[in-house]
Amino acid sequence: MLYAIIDKTKPTSSPTNDPDGALAGMIGYSDASVEHLSTNMGIGITLPAFQRTYVTANAYDLLLQYALDPPKRGGLGLRRVQYNISSANCGSRRFAEKMGCQLEG
């Protein structure tokens, strides 16, 4: 499942001047398991103009909240959300630590 990240605080740079905001990237879940009530925070791409801003952290936080909230509150009701990254990717590792992820394995 992929979602567009829209920064509603910035005007769009598209020729149509979309009032909903500027496209900042995309984010999604992958490898979901109904049996284990889990998913992976998979694909995440932030466009250069929005990197190192609040946009990525807010998008991941919203997606994490949606995954873990119970269905009666509009969420998916999952028990575990993983964020898999390469140990060589220092930027993603710092981001994961900032978001409160725990290192496993």
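The largest pocket of this predicted model holds about 710 Å³ of space. On a 1 Å grid over the protein atoms alone, a pocket is an open set of points where a 1.4 Å probe fits, with protein on both sides within 12 Å along at least five of seven lines, and lining residues have an atom within 4 Å of a point. Grid points are joined across faces, edges and corners, and a volume is the space filled by probe spheres set on the points. In this predicted model, local features need pLDDT of at least 70 and side-chain atom pairs count only at pLDDT 80 or more, while totals for chains, interfaces and linings use all residues. Residues are numbered from 1 along each chain as its sequence is written, and side-chain values use heavy atoms, without hydrogens and water.

**Largest pocket**
- Gln-82, Tyr-83, Cys-101, Gln-102 and Leu-103 are the closest to the centre among its 22 lining residues.
- Two or more lining residues come from each of helix 1 (54–68), strand 4 (80–82) and helix 2 (90–98); helices (H or I, at least four residues) and strands (E, at least two) are DSSP runs, numbered from the N terminus.
- Helix 2 gives the largest share of this lining, four residues.

**Second largest pocket**
- The second largest pocket contains about 500 Å³ of space.
- Its lining has 18 residues, of which Arg-52, Thr-56, Gly-91, Ser-92 and Phe-95 lie closest to the centre.
- Strand 3 (38–46), helix 1 and helix 2 each supply two or more residues to this lining.
- The largest share of the lining of the second largest pocket, five residues, belongs to helix 2.
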